[in-house]
Amino acid sequence: MWNYKGYHAEVVYNEETNYWTGWLYGISDFVTFGGETEEEVKADFYSAVDEYLDYCKEIGKEPKHEDFKLSNIEVKDDLYKSLSTAAKNAGESLNGFVEKILSDYLAKTA
């Protein structure tokens, strides 16, 4: 994982297209970049971060900073479906619902 100005990148290589694609990891805004070589995609990553920060400044928006979150937690399909249904019934996003469950649990066990 690459790091630049406090932003991290996830990068993947597609052998079929011979192209590197990346995105800023851990923020809710969607920022992507790419290139045909590793050097090109890394340079484009730096440019993407700089352009993102410039754009936020230009429109008066506070840039998103990395959200500290658990990612890619794998659960059994039936548990995922139950959580998704419960979140929907509660009128919450799945992430918000799971965060609330974890917070409540930790508050009770602290």
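Predicted model: local features only at pLDDT ≥ 70, side-chain atom pairs only at ≥ 80, totals over all residues.
## Basis

Local features need pLDDT of at least 70 and side-chain atom pairs count only at pLDDT 80 or more, while totals for chains, interfaces and linings use all residues. Residues are numbered from 1 along each chain as its sequence is written, and side-chain values use heavy atoms, with hydrogens and water left out.

## Sheet

Four strands form an open antiparallel sheet in the order β1-β2-β3-β4. The edge strands, each pairing on one side only, are β1 (2–4) and β4. From one strand to the next the twist averages 30°. Strands (E, at least two residues) and helices (H or I, at least four residues) are DSSP runs, numbered from the N terminus. Two strands pair if DSSP finds at least two bridges between them.

Strand β3 (residues 19–25) runs antiparallel to strand β4 (residues 32–35), and four bridges join them. Within this pair, glycine 22 stands opposite phenylalanine 33 in β4. The two strands β3 and β4 form a hairpin with six residues between them, and glycine 26 in the turn has a positive phi of about 90°.

## Helix

Helix α1 (residues 38–59) lies across β1, β2 (7–14), β3 and β4 and runs at about 155° to β4. Axes are lines fitted to C-alpha atoms, for helices over the stretch in contact (heavy atoms within 4.5 Å). Angles run from 0 to 180 degrees between N-to-C directions.

## Aspartate 29

Aspartate 29 is in the loop between β3 and β4. Aspartate 29 has a relative accessible area of 17% and is therefore buried (under 20%; exposed is over 50%, partly exposed in between, with a 1.4 Å probe and protein chains only).

The side chain of aspartate 29 makes polar contacts with the side chains of tyrosine 52 (2.5 Å) and lysine 61 (3.1 Å). A polar contact is a pair of N or O atoms within 3.5 Å; within protein, one must be able to donate a hydrogen and the other to accept it, and residues adjacent in sequence count only if both atoms are side-chain atoms. Neighbours within four places in sequence aside, aspartate 29 is in contact with Tyr52, Lys61 and Lys64.

## Nonpolar core

The largest nonpolar core has 13 residues, of which Leu24, Phe33 and Phe45 touch the most other members. The elements giving two or more residues to this core are β2 and α1; α1 gives the most, with six residues. Such a core is a set of buried Ala, Val, Leu, Ile, Met, Phe, Trp, Tyr and Cys residues joined through side-chain atoms within 4.5 Å.
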